[in-house]
Amino acid sequence: MTVHSDIDRTLIDRGTPERTSTQSVNLEIDGIPVTVPAGTSLMRAASLAGIQVPKLCATDSLEPFGSCRLCLVEIEGRKGTPASCTTPAENGMKVTTQNDRLAKLRRGVMELYISDHPLDCLTCAANGDCELQDMAGAVGLREVRYGYDGDNHLNQAKDESNPYFTFDPSKCIVCSRCVRACEEVQGTFALTIDERGFASHVSAGMNEDFLDSECVSCGACVQACPTATLMEKSVIKHGTPERSVITTCAYCGVGCSFEAELQGNRVVRMTPYKDGKANHGHSCVKGRFAWGYTTHKERITKPMIRKSITDPWQEVSWDEAIAYTASEFKRIQQKYGRGSIGGITSSRCTNEETYLVQKMIRAAFGNNNVDTCARVCHSPTGYGLNTAFGTSAGTQDFDSITDCDVIVVCGANPTDAHPVFASRMKRRIREGAKVIVIDPRRIDLVRTPHAEAQYHLPLKPGTNVAILNALAHTILTENLQNQKFIDERVDAADFKTWTDFIRRPENSPEAMEKVTGVPASDIRAAARLYAKGPNSAIYYGLGVTEHSQGSTAVMGIANLAMLCGMLGRRGVGVNPLRGQNNVQGSCDMGSFPHEYSGYRHVSDDATRQLFEKDWGVKLDPEPGLRIPNMFDAAIDGSFKALYVQGEDIAQSDPNTKHVQAALSAMECVVVQDMFLNETALYAHVFLPGTSFLEKDGTFTNAERRVNLVRKAIPPVPGLADWEVTMKLSEAFGYPMHYKHPSEIMDEIARLTPGFRNISFDFLDKMNSVQWPCNDKAPEGSPVMHINGFARGKGKMELTEYVPTDERTTARFPLILTTGRILSQYNVGAQTRRTDNSLWHQQDVLEIHPHDAEFRGIRNGDHVAVISRAGETSMTAVISDRMQPGVVYTTFHFPDSGANVVTTESTDWATGCPEYKVTAVEIRPTNRWSEWQEEYSDFKEKALRIGDPKVAAE
Ligand code: SF4
Ligand code: SF4
Ligand code: SF4
Ligand code: FES
């Protein structure tokens, strides 16, 4: 098979969006009979008949606008020459798109445009990739009669403030495609057309430059611009691409498809792929522009080893690094026992890479000491949804939101963390869907341009379960539940027990008001809105899972959805918004210590025998260590060696000092990554990893969509990550024999019921599919649980609210909660090494004006953040997004030490850390914390790379 397939150039721009009416209309265009859905424009109908009408202001990602007048046509029996982009097709129409009169009119229009356009086509960066140039050719324009001496816009200054694209107004034809893209596709409304007539021009914000405006650099306007007015700087610098490869973004769980456009092996542009099923041609600043880290000078491309973490690193060959790792791990296992070693997989890696690492640990290490970074984010989702429905995954596809009437966003901040899906949400909200935001902080979705949430329930951090119970109490006591759904789909005994519990007065909004801080009347009103629907969907994030009751809250959400029958069709559902690109996949692939792929327990004899037979090795029936247990065991002295692929536990996991102590206590830590990350400071072996551009494989996004990742360039370190794992496994004594990642997927499909029909060839043919994809659902499952739950009847678990032990006291009177920001991604290893840092150069502490004033803190002051676990310091930003008593920060920069203060408190069921609730005190300071001082010194030493010759001697 060919996975390096070139870009599908058959994706013709049909000028106006598709219409999906059930009624058809029949007409004739240039003598060709055409049948199209009612509402289809003449331009699109013509295009479907193979006739491309010249156009400039129209493009099929935007509603028609009708401003350029290039697409004129004649309609038999009608006067004039209507614009084909704004005229709907009607039964019996006879349309002419080409004749001398139309050609003359179009040439006249083009002549006017070109008379006010620089004549620098040959040296223009868009030469050969410019719709204005194409249209001038298409209409046969050969001369401009007006000359170029009159008033024009040719000397206007370029706006180069944005790090990724320029705005050159001298080339603008004021077609408004950029303005409409910003409104319709992105939903930011950063652009306007100011003034009128000849003076009309595109303006960012209030005549600001792009960088200072509301623009979030999604690139939709650049994509929509038919000229070189809005242009990627990388294309201006390097020229237009020669080839392209369709692949998948390696940042967040939306899983946007992109065309990686290249010259040779240099990427010059990432263009969102129009046929991408998760993004439909849209993107955010990270996927679209922040790929420069792949060639950053700090990237490590050679394996390195060192005896002690105080020694400088020494470059070695792949063979030496692998032999050294194997001998150390074997030595340690012989000395300390089979369970003294383990590994951690990453949600940044492909399904195939992750599957292989867990296989190596189970088959070659001979234990189940494998865990994944989902432990610290969405493990409660796995537990909670599996308990309620029998499947550890979200229920819908993203497109389902187009049928949603009430959108509940709980503990998620989609505009920052899942921006492309947030744009879909905002569009649906502008179309009239109602919104309920449950979040301690006033996130953007509470009020966006042209849309406002009906209810913002600004609960105190740590009280999700209380509020979910109060919502359910209202629905039940006001008799708003969907009894038919309950009778048919929910376990009756469970429902009875749950009903008796949730009806209790202590679960009422009035009783919970004291706990949550949210007025009972708002909770009641929100509950009625959700129950009424008709289609209500819940989207939630780490603000739900990263709590001591994370799993309980997930089950509370599932209970609400079952109570109101909001499952099993489009427009409804329970939808975890996964943080990293492959969180869903890393869990699906069997990365947890107690589960094989497909969430089957290691103690289940039949499942284990299936894997033993296929892998040809005896497997351990006992679950292995979770990440926090590995740390504890390391400190106790029984866990001595760790292999970490693509994950930076020293920065991302809570209570940094504890993690550092655990890593320091180990005898061999192996880190595989692109950069010397914070964990690598404690490592003895560094294996260079590859970027998404260098690999073949698959990522599974938040909607269970398995997307192909296609190799655009060869692996920079010489070996692909899956090849490294194979070599390691062989050195450990368990050889593997794959020739390509597609063979790993074949094995996954063979051994995992929900993946049975998936293969690289099938994905190549289908574009992408959502699991389950098997005999029952041969082309995948956009919506789950349509006729019944995977477990049979839905299970409504009791969800008693238990306050977290992490309480505020006189010493620690504020609650710190953490989150993400648009321009940075997770631990920042990638985005910090791009121009995205222009927007966010450090983690800051957001604090409410009252809390700041009480402590004498002004905007921009340096403040100490002190918790029971530790102390760090950062810059304070006064923000009324916060509620009094709650402060907020991000964790994208290691030196800010956000996780130095987070504690070891965890979810009762899964051990997921309670990042979202830490009792702290904030006070002004003029120094770095002790931890920051010590860490900075240590880091300088731990990063030293020695002379390669020394290693060879
Ligand atoms: S910047 Fe581009 S898209 Fe926007 S109005 Fe000008 S030519 Fe049209
Ligand atoms: S980059 Fe995106 S947000 Fe910025 S102006 Fe263009 S469309 Fe709007
Ligand atoms: S929304 Fe997520 S997947 Fe899409 S481009 Fe942005 S970071 Fe990438
Ligand atoms: S393309 Fe129809 S008016 Fe511009």
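Reply: Helices (H or I, at least four residues) and strands (E, at least two) are DSSP runs, numbered from the N terminus. This is a predicted model, where local features need pLDDT of at least 70, side-chain atom pairs count only at pLDDT 80 or more, and totals for chains, interfaces and linings use all residues. Residues are numbered from 1 along each chain as its sequence is written, chains are lettered from A and ligands numbered from 1 in the order in which they are written, and side-chain values use heavy atoms, with hydrogens and water left out.

Here is the shell itself. Around ligand 3 sit Cys249, Tyr251, Cys252, Val254, Gly255, Cys256, Phe258, Cys284, Lys286, Gly287, Pro419 and Val420. A residue is near a molecule or strand if one of its heavy atoms lies within 4 Å of it. By class, this shell has nine nonpolar residues, two polar and one charged. Ala, Val, Leu, Ile, Met, Phe, Trp, Tyr, Cys and Pro count as nonpolar; Asp, Glu, Lys and Arg count as charged; the others, Gly among them, count as polar.

Take Val254 from that shell. Val254 is in the loop between strand E9 (243-248) and strand E10 (257-263). Its relative accessible area is 1%, so Val254 is buried. Buried means under 20% relative accessible area, exposed over 50%, and partly exposed in between (1.4 Å probe, protein chains only). Leaving aside neighbours within four places in sequence, Val254 is in contact with Ala278, Phe398, His418, Val420, Phe421 and Asn701. Contact means heavy atoms within 4.5 Å. Phe421 is 167 residues from Val254 in sequence, yet their C-alpha atoms are 6.7 Å apart.

H12 also leads on to a pocket. The second largest pocket takes the largest share of its lining, four residues, from H12. Its space is about 990 Å³. Other elements giving two or more residues to this lining include helix H11 (414-417), strand E18 (447-448), strand E32 (844-847) and strand E35 (886-890). There are 36 lining residues, and Val216, Asp416, Asp444, Leu822 and Arg881 lie nearest the centre of the pocket. The lining divides into 14 nonpolar, 13 polar and nine charged residues.

Now the method behind these spaces. Rolling a probe the size of a water molecule over the atoms shows where empty space is left. On a 1 Å grid over the protein atoms alone, a cavity is a set of points where a 1.4 Å probe fits but cannot get out; a pocket is an open set with protein on both sides within 12 Å along at least five of seven lines; lining residues have an atom within 4 Å of a point. Grid points are joined across faces, edges and corners, and a volume is the space filled by probe spheres set on the points.

The largest cavity holds about 590 Å³. It has 39 lining residues, with Leu542, Gly543, Thr818, Gly819 and Lys916 nearest its centre. Helix H18 (542-545) and strand E31 (814-819) each supply at least two of the lining residues. E31 gives the most, with three. The lining of the largest cavity has 15 nonpolar, 17 polar and seven charged residues. The second largest cavity has a volume of about 190 Å³. Its lining counts 18 residues, and Arg348, Cys349, Met674, Thr690 and Lys695 lie nearest its centre.

Back to ligands and cysteines. Ligand 1 has 14 residues around it, of which Cys172, Cys175, Ser176, Cys178 and Cys225 come nearest. Its shell has ten nonpolar residues, three polar and one charged. A search of the whole structure finds zero disulfides. A disulfide is a pair of cysteine sulfur atoms within 2.5 Å. Cys404 is in no disulfide, and the nearest cysteine sulfur, that of Cys564, is 13 Å away. With a relative accessible area of 0%, Cys404 is buried.
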